[in-house]
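Please work through the following exercises with the sequence and the model at hand. Each task is followed by a solution in steps.

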Amino acid sequence: MKPFLLSLQFILISSFLLAQNTGITLTGIVMDSATQKALPGSTVTISFKGQSGTVNRSDISNLDGKFIVENIASKNEVTLQVTSIGYAAISKKINLTNYVKNGNAIDIGPLNLSVQTNTLQSVVVSTQAVPAMKFGIDSKIFNVEKNIAAQGGTGVDVMKNIPSVSVDAEGNVQLRNSTPQIFIDGRPTILTLDQIAADDIARVELITNPSAKYDASSSGGIINIILKKNKTIGLNGIASVGGGTPGVLNGNLNLNYRAKKFNFFASANYNRGEGTATEKTYRENKDKGLITDYFNQSTDNNRLRQFHSVRFGADYFLDDKTTLSFMQGFHNGKFASDQKQNQEFYDADKVLDHTGVRLATSDGNFNRSSSRLSFERKFDSPDNKLSADITYNTGGRDNSDYIVNNFYNPDGSAYAPVTRVRNSGLTDEYQVVGQIDYSHKINDNKRIEFGVRSFYNHNKSNFATYSIDQAENETKLPLSNNVKYTEKVNAGYFNYANGWKSFVYQVGLRVELSELDGSMIDSNLNFGYKFPNGFKDLNYALFPSFFLTKHISESEDIQFNYSKRIRRPRFWEVNPFIDIDDPLNISQGNPALKPEYTNSFELNYYKRFAENSGSFLGVIYFKNNVGDVTEYSDTIPQSLYEQLNNAAVSPNAILSTFINAGYEDRWGAELTLQKNITKALDFTFNTNMQYSITKANVGDLNLNNSGFNYNAKLIGNYKIVTEASKLFNNLGFQVIADYDGPRVIPQGRNKAQFSTDVAVRKEFFKKKAGALSLSVNDLFNTRKFGTIYDTDDFYQDGYRRWNVRTVRLTFSYRFGDSDLFRKKDNNNNNNSDYEAAPGEDS
């Protein structure tokens, strides 16, 4: 950590040379060449010769595409460069004597940008001023503002409506049936998706096969959540408030103010939701293949989730090439549930033997804090830059549960004594991440980039479980555990890209040294791993990547890529704590788990249709997971049942844990079609088809399995734009339908699930500043996750829900006038937004 901080300090001190100057002011507007709509957020740079070399002046276009570049020297000729995400940059020399001068101001008129086509980065395929989606041959970017079905919700609602992404009953996301790594603004986070407000998210980036530049622990790909931060001149913001059923309340405020060298941003969010989630289970217990008894279970869980967060920060522009940024976020929340579970126990002849009622109440609170200090220095061009940042995440969680188990004979009399259990848990965690990156684009094809990264994560969990007898005496059960672990990863990477004729290639290598050191404090049991553990295991620390792209035409690309990644076990997968929330389905982590390694291959074909009417992306992929972390279930061992008897765990309970399988192979094809039918109607269709083979053994038990699965998602948008009716003008509709087919697991399969979200949005006021949206998530109330286990010892068919159908009405309002603040600044002084360094020509 000390070398990182010293390096950052050296960079900041060496770059802090400032001065003031005045000169000519250039104005204009940046526009889409096809639609003639304004392009906000574009960077306009004016370069000219000074006494000490080239001088650059820059500005970022506002919501109307307008820009003002001040403090330009009185030269006849200057160089103009304009860049905007998803568009081809333009660079040309302009002669200022060809324009009419009004005082010290010159209007150079509109600057037209064309959609970017030949690039490894994202490609715009929408004609909207702010595209809803951007597809690239190696990534996809989704603008969350266009996803009206998620407005007022959480990050989980956002993910449910993104192609290639699926969400299970607990809110866990998968990318092509693999668990991705979640980033916020390109860095790790300890926040869960339901702790992030949808209204705080600007866009989501999907990277299915990351290069060596990215963290190697991303075998399932990367989902990078970009939070909102505006840099438009003046005061700008958006406020929203909403409510709905069941018990839905939400509010959000985003602000930014930029003047001269400073840009300040802040946001506050509140989100609340209730609902009753249901679960059902049918079980057949077996002995040597013969059914011995039956079991039915039905659960109603009344849940409350409440979150609030505050985020603020600032950018300081030392000059037009150097920026220092700071961001601070605080997140807090509360979970509460009231559960009733009805149980029916039948003998082999399906005659009712006894029943049970389980009542459980749960309360929990969490707090999270995230701090980041960032530095960025651009050199002779925006594609030659150095960046450095340090991120500190910390937080904790406490929870308590009270469980009462009652059992009855068929006649209503007591079958067994009442049992009561009390749980109490406390978790603390903190992360420190430091990273330095340098990239240099030498020409259109040749580029080098390299960097170093250090990650440190410390987690401590203390959980205690007590059985309570009739005299209110408490006895601590073996369920209790006190565990802590420390994870360290130090890494460095290098990428080199170049081109030859119509080919572009990139080769890279990442080196990661990782270590996990864990211990169960009460029992003095240690666990963990270290890779590599000497030179003989050096291969475990090397992660190469290779990308080869062929430009077939201006609108067609084909690419092959390969990368090696790692998936390190998560805390709950190695924590030996036993979860008895469901007495028939308990779970436990495995401290002996080791990381799994993935070799990932992709063949991509990208086609952009004529006149920006849409695009097609086809992918064929293969993944080989060595040591695949796999869930394994079996009936509870007799020795463990005897230890937990006072907790009212069933002798036929299913114990789920995790093992390292031999390997898992996945062959798949993913197709994504985005099509603008008319200016008002567009749709996106995505489907993923996959065949998987798992090879795994537990002792003499063979867990090999194979099978085919597929999923599909359709997103349709229709917007009315008419002058004939104020009521229907700027009225938009969105429908999102999602189907996940059945998928094999080592001991059975996950059942199919289907859901539909619909939303309508009406924009009004000047410049569409106001909007009212009505959304219904899970219209037909079908979003539930089911699993079938079929083994020699038991057959179980069940489903569970994590969320319920919600109806939400949200009003939002944009405000701010950047031009007003610009005029005020120009009238009060003649200083530029960026000041020149000493010796530079004015």
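This is a predicted model: local features need pLDDT of at least 70, side-chain atom pairs count only at pLDDT 80 or more; totals for chains, interfaces and linings use all residues.

Residues are numbered from 1 along each chain as its sequence is written, and side-chain values use heavy atoms, with hydrogens and water left out.

**Exercise 1. Classify the ring pair Phe-262 and Phe-264.**

Solution. Step 1: A pair of aromatic rings is described by the distance of the centres and the angle of the planes. Rings of Phe, Tyr and Trp (its six-membered ring) pair if their centres lie within 6.5 Å; planes under 30 degrees apart count as stacked, over 60 as edge-to-face and the rest as tilted. Step 2: A search of the whole structure gives 30 aromatic pairs. Step 3: Buried means under 20% relative accessible area, exposed over 50%, and partly exposed in between (1.4 Å probe, protein chains only). Phe-262 counts as partly exposed because its relative accessibility is 38%; Phe-264, at 42%, also counts as partly exposed.

**Exercise 2. Classify the ring pair Tyr-562 and Phe-601, and locate both residues.**

Solution. Step 1: The centres lie 4.8 Å apart and the planes meet at 40°, so this pair is tilted. Step 2: Strands (E, at least two residues) are DSSP runs numbered from the N terminus. Tyr-562 belongs to strand β32 (residues 556–567) and Phe-601 to strand β35 (residues 596–608), so the pair ties together parts 39 residues apart in sequence. Step 3: Tyr-562 has 18% relative accessibility and therefore counts as buried, whereas Phe-601, at 31%, counts as partly exposed.

**Exercise 3. Which residue has its charged end over the ring of Phe-543?**

Solution. Step 1: A charge sits over a ring if NZ of Lys or CZ of Arg is within 6 Å of the ring centre and within 35 degrees of the ring normal. Step 2: The residue is Lys-564, at 5.6 Å from the centre of the Phe-543 ring. Step 3: Phe-543 also belongs to a cluster linked by ring pairs, together with Tyr-529, Phe-531, Tyr-540 and Tyr-597.

**Exercise 4. Describe the salt bridge between Asp-200 and Arg-311.**

Solution. Step 1: A salt bridge is a side-chain nitrogen of Lys or Arg within 4 Å of a carboxyl oxygen of Asp or Glu. Step 2: The N to O distance between Asp-200 and Arg-311 is 4.0 Å. Step 3: The pair links distant parts of the chain, 111 residues apart: Asp-200 is in the loop between β15 (187–188) and β16 (201–207), and Arg-311 in strand β21 (residues 290–319). Both Asp-200 and Arg-311 are buried.

**Exercise 5. Which strands each supply at least two residues of the nonpolar patch?**

Solution. Step 1: Patches are made of residues with over 30% relative accessible area and no salt bridge; like charges are joined within 9 Å, nonpolar side chains (Val, Leu, Ile, Met, Phe, Trp, Tyr) within 5 Å. Step 2: The patch covers about 660 Å², and its residues include Val-241, Phe-765 and Leu-772. Step 3: The strands are β48 (770–777) and β51 (806–816), with β51 giving the largest share, four residues. Leu-772 lies in β48 and counts as partly exposed because its relative accessibility is 36%.

Conventions. Accessible areas come from the Shrake-Rupley method with a 1.4 Å probe; for residues, only the protein chains shown count as cover.
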